[in-house]
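Please keep the sequence and the structure in view while reading.

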Amino acid sequence: MKKIFNCISKLFILGFALFLVSCSDDDTELFDETPAVRITNEINELEALLVSQQQGYSGIYFPNNTSVGGVNFHMNFSANQRVKMTSDFKSDTSITDSRYEVSTGTTAAELVFTTGSRHINDLIQNSDPGIFFDSFFGNNVFQYVGEENGVITFREIRSRGIFVISPSGFTNFDTESVASSDITYANRQAFTDVDCATASVFNIFAMEINNSGETINYTLNYDSDNIFIDLETANAEVVSSSYGLGVAFTLIDGEPAITISPALEVGNNSFKDFILDSSAPGAQYVATVNGATARIFQTLMTTPTGDDVNLDLPTLGPTGYLYRLSLGNNALTSPCFQELVIDQINANLDAQFGDGVFVFTQFQFIFNFDSDNCDNYLLTQVTRVADGVAFTVFYCYNKSTISNNRLFQEYDEPYGTANAIVLEASFMPLIEFYNNPEATSQGMLYTGEGSFSSDTNSYINPAGTFTKMDDQALRVYGLFFG
Amino acid sequence: MKNFKNSTLVGFILILLSVSSCDNDSDSISATQIDTSTPILSNLDIWLRNEFVAPFNIEIAYLWNPNNVDIARFLYPIQENNVQRWSQTILDVWAKPYNQLGGEDFIANLAPRQFVYSGGFNFNPNSPTITLGVAEAGARITFFNLDFLDYTNANSIRQPLQTLHHEYGHILNQTVPFTDDFGQITPADYTAQWFNLSDQEALDSGFITPYASSKEDEDFVEILANMLTSTQTEFDARVSSASPEGQAFIREKQQMVVDYFQTNFSIDLFELQILTNEALIAALD
């Protein structure tokens with residue numbers, strides 16, 4: 001019994017000592033205030049910051065660095081929770097007047113645009129007619145990260161967007177913000193403007209980095225729909241690597257510029273802002289960091305050998321090569337093919353039948369290397385808009401031949417029916433695209449492009465491009481079927 | 001043994017003392033941290049308070065609150081200049097007709113407490129469909145694509161009104177359930193794969209829409225919503241396009257919906273149908 005008594009007594013003493021120790025208030029709190037007080041302070045701080053600039057803020061919103069680029073915004077906040085804003089995402093840069101609120105978010109104060117402004121809505125949902133769902137990954141809710149030297153940083157949670165704004169520096173927000181948006185929108189459009197009379201699909205964008213005596217060259221593929229670039233380079237072992245960067249066409253100290261996100265890290269240097277070099281020919285943007293330079297420019301690439309044609313066409317061609325508008329866009333279809341072939345066919349149809357009565361919908365080319373009996377032919381289709389009825393006509397070519405990695409064939413005549421004859425003139429831009437006689441032309445360059453992929457669809461079907469070598473502005477991307 | 005008891009008692013007292021001594025009673029109680037400041041009210045807010053909050057105790061939540069919607073979806077707020085027109089339409093095409101026939105407090109007593117407005121479409125992931133509206137627990141109805149309403153086109157306005165009448169039908173049913181007999185008219189044809197049915201297949205099976213075939217309570221409110229957003233002539237024409245068996249089923253269901261309103265709310269549904277459709281036409285440009 002005594003042993004039990006001693007044991008229990010010791011346990012009580014031990015327990016008491018533990019309680020005394022546990023009461024220690026060691027003053028190691030991470031924050032001086034409660035979470036509620038801190039977030040209230042954050043809200044008050046952000047509200048005060050937003051309305052502190054009479055001429056508002058300007059900044060770039062990068063909604064998602066892995067798939068889309070950035071958009072310039074100019075915003076002027078009022079104490080009555082209204083915000084005027086403009087952006088350069090679309091051509092309509094006029095100011096909208098909507099409401100905002102600074103409120104309690106999950107972990108921080110949030111800036112919420114509480115009523116719709118098309119400048120933000122357009123980034124959340126593409127409302128263009130005929131589009132089912134398409135998003136630029138935007139949002140109207142931004143988490144406040146902090147302020148430093150007047151620069152306010154927000155982050156967007158759903159798509160990991162970054163939005164950084166700083167005082168606009170305008171003297172008249174209403175006029176200067178719109179003017180700025182117009183300039184940056186125009187600069188973005190100008191980057192890809194081509195003159196189809198002189199353009200070549202082999203004239204490409206490139207990036208060259210000179211860093212501590214070392215030069216790195218990248219091929220730069222610019223996706224104008226998503227304002228996004230894919231950089232591709234190859235090392236000495238011809239192992240290629242690529243990665244994407246968001247792009248924003250903006251103004252830095254009043255100069256046209258490109259800002260990329262995330263910044264490009266090369267050695268110890270970080271390239272982010274590229275300023276337009278107006279003295280250089282074409283669109284050339286240069287970033288200089290610690291004596292190192294990075295340059296975005298246009299250059300003429302080495303023309304592909306075209307030897308894919310020997311492998312693909314004899315086996316895939318007879319099954320049929322298809323270009324159908326509803327399959328979506330791929331940047332390998334050149335803007336000039338769109339303008340000089342597709343748009344021109346629709347313009348011809350308008351002139352022939354009235355505006356919008358018929359629209360071009362697809363073509364197929366069935367290749368044949370043996371017969372001159374209209375087994376090598378072009379199938380074209382137009383749709384009557386009023387009732388959706390499709391009309392298909394055929395145009396015959398003499399048999400295809402392949403010589404020196406180029407494809408040749410000569411147009412013969414419409415196939416049989418009256419419709420083919422009636423529509424021949426309207427379809428002539430496409431008929432001429434495939435009309436490449438061996439005796440008088442440089443033929444067509446074919447490249448195999450793996451499986452089919454567009455901005456709306458991906459299929460396992462083999463895909464490829466045809467470039468008319470007599471007019472190197474014209475290139476089409478399509479798939480083989482059957 | 002006595003020492004043992006005394007020792008135990010002392011030990012407990014010591015522990016109690018030590019526990020109570022741990023209280024760090026710094027000034028933790030201060031002014032409330034709930035924001036009780038008066039919100040900034042625009043003319044629109046004042047109008048909504050006068051037209052919805054005061055008479056019906058219904059909040060029109062047009063200002064974006066991310067907690068009201070699925071944050072994974074790419075939705076956006078309604079444009080401010082579209083709020084009043086749609087709100088007025090709700091008043092004219094839904095609240096006033098019900099109040100006219102059910103009594104002036106009908107909507108105030110029996111209504112969702114919040115309408116949430118969203119400007120853009122609610123696209124369903126991995127499906128070529130959109131969600132037109134959402135009702136939650138009889139308390140909230142969310143409308144989508146309100147920035148795209150075309151007041152020159154009756155069908156454009158009919159679509160969200162159908163959502164409203166549909167969801168309000170659920171709220172009425174939650175207050176006064178309909179009888180089990182309704183579900184016995186076409187019990188074997190309710191299907192979770194309703195979206196595979198064409199309009200005609202649904203009609204031939206005795207459902208006014210494909211969605212009506214999903215569950216009996218959806219069946220009930222689809223008849224209600226379709227009646228209140230079309231004239232009886234239009235409704236009859238739709239029913240007439242069904243197979244004879246389908247027509248008989250739909251008519252039997254329609255009669256039960258009509259009886260439900262008459263018995264439980266003393267509302268002549270055909271009269272309500274006339275009022276809602278007249279108001280719908282009047283709401284157009």
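Of the 482 residues in chain A, 46% are buried. The model is predicted. The points below describe chain A and then turn to S135(A), a residue in one of its loops.

**Overall form of chain A**
- Chain A contains seven helices and 26 strands.
- Its radius of gyration is 31 Å, whereas a compact globule of 482 residues would have a value near 23 Å.
- Along the principal axes, the C-alpha atoms of chain A fill a box of roughly 115 × 70 × 60 Å.
- When contacts in chain A between residues at least 6 apart in sequence are considered, 55% of them join residues at least 24 apart.

**The setting of S135(A)**
- S135(A) is located in the loop that lies between helix 3 (118-124) and strand 6 (141-148) of chain A.
- Its relative accessible area is 12%, so S135(A) counts as buried, the limit being under 20%.
- A polar atom of the S135(A) side chain lies 2.8 Å from the backbone oxygen of I124(A).
- The side chain of S135(A) also reaches the backbone nitrogen of F137(A), at 2.8 Å.
- Leaving aside residues up to four places away in sequence, S135(A) touches L123(A), I124(A) and F74(B).

Conventions. Residues numbered from 1 in each chain as written. Chains lettered and ligands numbered in written order. Predicted model: local features only at pLDDT ≥ 70, side-chain atom pairs only at ≥ 80, totals over all residues. Heavy atoms only, no water. Helix = DSSP H or I, 4+ residues; strand = E, 2+ residues; numbered from the N terminus. Rg over C-alpha atoms; globule rule 2.2 N^0.38 Å. Buried < 20%, exposed > 50% of the residue type's maximum accessible area, 1.4 Å probe, protein only. Contact = heavy atoms within 4.5 Å. Polar contact = N/O pair within 3.5 Å; in protein donor to acceptor, adjacent residues only side chain to side chain.
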